[in-house]
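Good morning, everyone, and thank you for making the time. I would like to walk you slowly through one structure today, so please have the sequence and the picture in view as I talk.

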Amino acid sequence: MDFLILGSTSNICISRVYDNINDIHEKINNIYCYDMVEHTNNSFLNYINTNIDFNYTFKLQHKIKYLYGSFDLEHYEKIITPLIHNKLIIYVAVPPFCYETIISFFSSYKDVYKYLILEKPLSLDYENFKILKQYLHENTYVMDHFLYKSDIQNIIKKHKNDKITFFKISFHYDCDVENRLRYFDNVGFFIDMFQSHYLSILYSLIGPKINDLIDALILKNIKKQYYDYGGKNKVDTYFQVQLEDLNVEDKHGCNYVFEGGKAMKEEKKIIQINNHVYEINNYYNEYRLFFTDLIENNAINLISQHDLFWKITEKLNNHFKVNNLKLNYYYKNKL
């Protein structure tokens, strides 16, 4: 199997991807690393080795070929087209505003390559997603590393299809977003977490019943930003959403609480299902597990649900706007 990585100098590649796929080096023949940073092959390898603290030998070193090019159709046609074949996995780690050109380009070759992997979010709003949707197909995957956290997989297996009357997911991070302002200044933490991670987990638990959230009552819809945020936009770094669903066939209601924040008082990640509270630990092997499943044709694919996920997200965004709700503020590491 060959890999093509677009956005090969991105934060997620440096922090997770190379370290994880190094663990499955024997399953990979070649890795083509594409980006607009002007590296030579040797300088790129030096960049990886300098920025990643490997606890063992970097075994992918001789399999990597760096490709320098812009993110536009002309360069894709010239540089990437010759690489496409039926055992190629394409992994995209660039901001959402690059997606339309990338996805439309690869849709022309959808019967040639093996898989196209996209990082979330696929877009910044539902209107933009509807443009992208026409290019998505069954071998397009969204890499949701939350779904590949071992603790979350265990929770899903234990409670899948249970009668759930209370669901809460809360991820608090004590770190801020100052080292990723280019991303968060456009996306915000609500879109980053809710539309993909949180709804993917909930769907994996309750399946089609997630459609009931379209008509659920909104009890809370709060967004905040920490003081001294270094970006230029009024985006949230904390959110809390509470929904009440009474429109279920078996007549029992369900309360859903979705919460997340950066620069919080303490780092704590939990999922609560009814009276069961589970702490979610930090693991760093999610990409290894995902790419292994992908190579073995067993990967989780929720691409067909993202239209629904965006409709639910849009409902909450519209509620925030229509009701003239305001972005509030909090002090870092105090909330």
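This is a predicted model: local features need pLDDT of at least 70, side-chain atom pairs count only at pLDDT 80 or more; totals for chains, interfaces and linings use all residues.

Let me begin with two strands, strand 1, which covers residues 2–6, and strand 4, which covers residues 88–92: they pair in the parallel sense, and five bridges join them. If you look along that pairing, you will find L6 standing opposite V92 of strand 4.

In what order do the six strands of the open sheet lie? The order is 3-2-1-4-5-6, and the pairing is parallel. At the edges we have strand 3, residues 64–68, and strand 6, residues 140–143, each of which pairs on one side only. From one strand to the next, the twist averages 20°.

Two helices lie across this sheet, and I will take them in turn. Helix 1, made of residues 11–22, lies across strands 1, 2, 4 and 5, and it runs at about 175° to strand 1. Helix 2, residues 41–51, lies across strand 2 and strand 3, and its direction is at about 110° to strand 3.

Next, please find helix 6, residues 150–159, whose buried residues are D151, I152, I155, I156 and H159. Looking down the axis of helix 6, these buried residues fall within an arc of 135°, and therefore they line one face of the helix. On the other side of helix 6 we find K157 and K158, which are exposed. What do the buried residues of helix 6 pack against? Their partners are strand 7, helix 7, strand 11 and strand 12. After helix 6 comes N161, which has a positive phi, near 70°.

Let me turn to the interior. In soluble globular proteins, nonpolar side chains tend to be buried together. Here the largest nonpolar core has 119 residues, and those with the most contacts inside it are L4, I21, F106 and F258. Helix 7, residues 181–206, gives the largest share of this core, with 15 residues. To take F258 as an example, and leaving aside residues up to four places away in sequence, F258 touches a list of residues that includes F167, F194, Y198, L202 and F239.

That brings me to the aromatic rings, of which a search of the whole structure finds 38 pairs. The rings of F190 and F194 have their centres 4.9 Å apart and their planes at 15°, and because planes under 30 degrees apart count as stacked, this pair is stacked. Both of these residues, F190 and F194, are buried, and, being four residues apart in helix 7, they are separated by about one helical turn.

For contrast in geometry, consider Y238 and Y330, whose rings form an edge-to-face pair, 6.2 Å centre to centre with 70° between the planes. Since Y238 lies in strand 9 and Y330 in strand 13, the pair ties together parts that are 92 residues apart in sequence. Are these two tyrosines buried or exposed? Y238 is buried, with a relative accessible area of 5%, and Y330 is buried as well, at 4%.

Notes. Residues are numbered from 1 along each chain as its sequence is written. Side-chain values use heavy atoms; hydrogens and water are left out. A nonpolar core is a set of buried Ala, Val, Leu, Ile, Met, Phe, Trp, Tyr and Cys residues joined through side-chain atoms within 4.5 Å. Buried means under 20% relative accessible area, exposed over 50%, partly exposed in between (1.4 Å probe, protein chains only). Contact means heavy atoms within 4.5 Å. Two strands pair if DSSP finds at least two bridges between them. Axes are lines fitted to C-alpha atoms, for helices over the stretch in contact, and angles run from 0 to 180 degrees between N-to-C directions. The arc is that of the directions from the helix axis to the C-beta atoms. Rings of Phe, Tyr and Trp (its six-membered ring) pair if their centres lie within 6.5 Å; planes under 30 degrees apart count as stacked, over 60 as edge-to-face and the rest as tilted.
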